Amino acid sequence: MEKGYLAIVFHAHLPFVRHPEHEESLEENWLYEAITEVYIPLLLVLEGLLEDAIDFRLTFSLTPPLVSMLLDPFLQSRYLRRIERLIELAEKEIARTASQPEFYRLACMYHRRFTEVREAFLHRYERNLVQVFRRLQELGKIEILASSATHAYLPLLSVNPAAVRAQAQIGIEHYEKVFDRRPRGFWLPECGFCPGVDRMLREQLIRFTILETHGITRAEPRPRYGVLAPVSCPSGVVAFGRDPDSSKQVWSSVEGYPGDHDYREFYRDIAYDLDDDYLKPYLHQDGIRFDTGIKYYRVTGKTDHKEAYVPEWAERKAEINAANFMFNREKQIEYLTSIMDRKPVIVAPYDAELFGHWWYEGPTWLNYLVRKIAQKQEAIRLVTLSEYLEEYPLNQVAMPAMSSWGYEGFNDVWLNRSNDWIYPQLHKAADLMERLAESYPRAEGLALRALNQAGRELVLAQASDWAFMISSGTTVEYATNRTKTHLVRLNRLVHQIRSGAIDEAGLSAIESQDNIFPFDIYNMFHCAFSASSQNSLS
Amino acid sequence: VSQRDSTKSKRGGRRRKLVRGQKVEISKVFPGLPIKPSEFPHFYEHTRVVLLPVNPYLVHVYWEVPPHDLKEIKKLLGRPALRAQPVLRFRDITSIIFDGTNAHSHFDVDIDLGAGNWYVHLWGPAKSYCVDLGLRTNDGQFHPLARSNIAQTPRARPSGRAEETYMLVEGDYHRVEAVPPPAGHVPGPVRMRPESSGAAESAEIGQRPAEPYSLQDWRQFVSEPEQGRVRNSESGLNDDTDLTAMNERSFLFGMSSGKMASREENTGPSDR
C-alpha cells in the first residue's frame, strides 16, 4: 500500500510558428526539433511501458498552439521533409567519421534514431501525435490538462477580465474538440496566477490547477500542509503547489541531473563545427546555421574541453539518477507520513521540452523512473491529479498568492522595460474586441468570418511567448514583429468591419496563415464579454 | 567557429535553446508588414491610467492622455496649469471596499507626463492600490485626470493567519458541501460565517458564480500566531513539521528553465 503520491507533470508548449509564406522557416524548426527530440521519444517511452504492462500515471499539458501545429497537415509534411534530410545528413556523417570510431558509432546512433523517429511518425502514428496522447488518456494512463488559448500570461491581461475569460474559454473549447471530453485540470501558462483567475476557471467547471510553490505557501490563510496537499480556492477550484525538492533535483545548478558530466553536451552541435559547403543543404537557404540535433560530445566538465559522448555511460547515469530521484521521494514521503494525517502528494511539473531536447537522456531517465516506481518499491504511487482529488475531495480553503514560475517568481519576466510597450496595446486590443462584440451581437457571412479572424489575431498577439522572447533577448525582432503584426491585422479587420468594406481576398490570406482555432471563436468573445459585464475579476 | 547565443536568458531553457544560433535580419524570417503609423494607434479615445503589479515591491503604471484631453484640462485650470506637476497619487486601499474616498493613506509620485509609463518601488508587499493620474498645482490642489484599476501586489512571505476551513468538492462540481473537519483534527469553537446561514446542506452551485459557498471555520487557535511563524496546532508543532515554512525554505525562485541558464553560465563554454 502506498504511503504517498507522485504526480509528474509535463508542460508541452511552443508558440504558434507556422509560416507557409516562407519556403523555409527557422521558427518552424523549433517544432521539428521538439517532435524529433521530445514528443516522439516520450511517446515511444510511454508505449514501451504499455507494451511491458507497466502501470503508470503521468500528466501532460498540451497547449492549443502546439496541438494545432501537430495536427496541421502542412506542418506535418514539412516535418517529414525535415526528418528525411536529417537522415540523409546522418548518412553523410557515417561516411565522414569512418576513421574516427568514437564519432562513427555516434553517427550510426543518430542515423538509427532519426530513422526510428521517422518510422514512428509516418507509420506508427500516421503523422498525428495528438491522437496518441488522446489514446493514452482514454486508457487512463495519462491525464491531459487544458490551457489558455495561446499561452497568454493571465495576470497581466486581467485588467480586462473578459480577455482572461476568453483565453480560458477558447482553450477549453479547443481541448474538447480535440480530446472529446471536458478537461478537469487547467495549466496556467508560466504558472501565472493572481486571485480572481481561479473564478474564471471555476466558471468553466475546471476542477484544479497547478501553481509555483510560493503561490501555495503564501496562500491566505496559511496552508496546513504546505504544497504536500492542495488548497481549495474560495471559488472551489483546487490549486496544487509545485514541490521544490523534486524540482531542484532536476533544475538545480548545483545538483541538477542534466549537468552530469556523462550526459550529452547540448552546445556542441555539428551545425557550428563543420564547413559551410558540407552543411549547406541542411542549413537555412540563407546559410543560417541552426542545430541539426547531431551532437558528439558529453558535458565532460566545466571548461570548453569536451570529450566524445559515450551512450552506455549516459544510459547508466540516467538509471542511477532515476534511482536517486526515487530514493529521495521515498525518504521525503517517509518523513511526511510521520507528520501528516493524509497521504502527501508530490507535484513535479517540468517543461516537456527539457526532456530530450536540452536533456537528451531525459526520456530515458523517465523510462527508468516509472519502471522502478512500479517494480522496486511500495511507498510511492504515481497519480494523476484527478485521481488524487477523488481520494481527497476535502481540502483546506485558502486563496493562493499571485505567483509564477518565471525568474523572480512574479511578473518581472513578462513586464519590464524591454517589453512593457506591449501591454497598452494588448489591453486596447481586448477593449476593441469587447466593443465589437457589443456592436455585432449577431453576425454572419463575411462579417462573421472577419470577426472570427479578429478574435484569432487578438489571441495570437496575447501569447506570452513574445514578451518572454523580448525579455530574454532571443529572437527579439521576430517576437516584436509577431506582436505588432497580429495587432495591425486586428486593427485592419476592425476598421473594415466597421466601415462595412471587408477585403475578402486579404481576409482569406490571413485566414490561411493564422489558421489556429478554425471554429466560431467570435461567439466565445461574445459570451466572455457579456459575462464580464456581470462579473469582474478583482 | 561555433556561433553561440550570447544572451543570458533567465528562464530561457526551452525556447532559448530552440532558437539558438540565429543572427539574422528579421526581414529574412518574417515578412513583417508595412505598418502605417495610423494603424498602430497610441491613444485611447479617452484618458486612461493602468496599474500593473510587477513583484511584491514594484509596480508599473502606464497612462495615455489624448492631446485634446490635456488641452481641455489646461484650459479649465487656467494659468496655474502652466506650472502644475503631473503626479500619480497612490491610494492604499488594502483590505477595504474602496468607495473613492476611504483610502487608508496616499502618496504622490511626481512624473513626466510625456514618459507614458513609470515604475514605482514600494516599501511593503501585499497591498492593494488604486492610482489617480492628475496634476498638482502650486497651491497643493490635486486635479485628477483618470483613475486606475485596483491592483494587489503579491505577498512576500507566508501568511500568519492560520485558521483552517475545509471544502468538499465532488465530481465536476456537482456538489459543494460544508463538511465536518477531517479526522484527526481537533476542532476549536465552530464559527459560522454570516453568509452561511441556512446553506450548510449540500447545494447545487452549477449556475452560481463565485463566492459564497457554505463554509464553516474550525478555529485551531485561541491565541494570535506569532508574526511570520505559525504553530500549526495546540501541540505546538516546531519548524521541522511546519510544512509551509519547510517548502518556503527549500523553494528557489524561477526554478524552471531559468535555472538551466544559470547552470550553463557555470559550466558552459567560456566564450558565451
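Predicted model: local features only at pLDDT ≥ 70, side-chain atom pairs only at ≥ 80, totals over all residues.
The largest nonpolar core of the model contains 213 residues. Within this core, A:Y39, A:F240, A:W365 and A:Y423 touch the most other members. Helix α1 of chain A, spanning residues 28–51, supplies the largest share, with 13 residues. A further core of 19 residues lies apart from it and includes B:V49, B:V61, B:V120 and B:L133. When neighbours within four places in sequence are left aside, A:W365 is in contact with A:V250, A:Y257, A:A318, A:N321, A:A322, A:F325, A:F355 and A:W359.

A:W365 also takes part in the packing of helix α12 against helix α13 of chain A. These helices comprise residues 311–339 and residues 362–375, respectively, and their axes are 8 Å apart at an angle of about 45°. On the α12(A) side, the contact is formed by A:E315, A:A318, A:E319, A:N321, A:A322, A:A323, A:F325 and A:M326. The α13(A) side contributes A:T364, A:W365, A:Y368, A:L369, A:K372 and A:I373. Sorted by class, the residues of the contact between α12(A) and α13(A) are nine nonpolar, two polar and three charged.

Helix α18 of chain A, residues 476–499, packs with helix α17 of chain A, residues 464–472. The angle between α17(A) and α18(A) is about 150°, and the axes are separated by 8 Å. The crossing of this pair is left-handed. From α17(A), the residues A:W466, A:M469 and A:I470 meet A:V476, A:Y478, A:A479, A:T480, A:R482 and A:T483 of α18(A). Six of the residues in the contact of α17(A) with α18(A) are nonpolar, two are polar and one is charged.

Helix α18(A) packs with α15(A) as well, at an angle of about 25° and with the axes 11 Å apart. Because angles under 35 degrees count as roughly parallel, α15(A) is roughly parallel to α18(A). The crossing of α15(A) and α18(A) is left-handed. In α15(A), the contact residues are A:I422, A:Q425, A:L426, A:A429, A:L432, A:M433, A:R435 and A:L436. Their counterparts in α18(A) are A:T483, A:L487, A:L490, A:N491, A:V494, A:I497 and A:R498. The contact of α15(A) with α18(A) is made up of ten nonpolar, three polar and two charged residues.

A:Q425 and A:K3 are 422 residues apart along the chain, and their C-alpha atoms are separated by 51 Å.

Several backbone features occur in loops of chain A. The peptide bond from A:E220 to A:P221 is cis, with omega near -5°. A:P221 is situated in the loop between α8 (213–217) and β6 (231–232) of chain A. Positive phi values in residues other than glycine are found at A:E126, where phi is near 50°, and at A:L205, where phi is near 60°. A:E126 is placed in the loop between α4 (101–124) and α5 (129–138) of chain A, and A:L205 in the loop between α7 (197–203) and β5 (208–211) of chain A. With a relative accessible area of 61%, A:E126 is exposed. A:L205 is partly exposed, its relative accessible area being 30%.

Chain B contains five helices and eleven strands. Of its 272 residues, 50% are buried. Among the contacts in chain B that link residues at least 6 apart in sequence, 61% join residues at least 24 apart. In helix α4 of chain B, residues 243–250, seven of the eight residues are buried, so this helix is largely enclosed by the rest of the structure. The buried residues of α4(B) are B:L243, B:T244, B:A245, B:M246, B:N247, B:E248 and B:S250. These residues pack against elements of chain A, namely α8, α9 (244–251) and α12.

Key
Residues numbered from 1 in each chain as written. Chains lettered and ligands numbered in written order. Heavy atoms only, no water. Core = buried A, V, L, I, M, F, W, Y, C linked by side-chain atoms within 4.5 Å. Buried < 20%, exposed > 50% of the residue type's maximum accessible area, 1.4 Å probe, protein only. Helix = DSSP H or I, 4+ residues; strand = E, 2+ residues; numbered from the N terminus. Contact = heavy atoms within 4.5 Å. Axes fitted to C-alpha atoms, helices over the stretch in contact; angles between N-to-C directions. Left-handed = near helix turned anticlockwise from the far one by under 90°. Nonpolar A, V, L, I, M, F, W, Y, C, P; charged D, E, K, R; others polar. Parallel < 35°, antiparallel > 145°, perpendicular 65-115°, else oblique.
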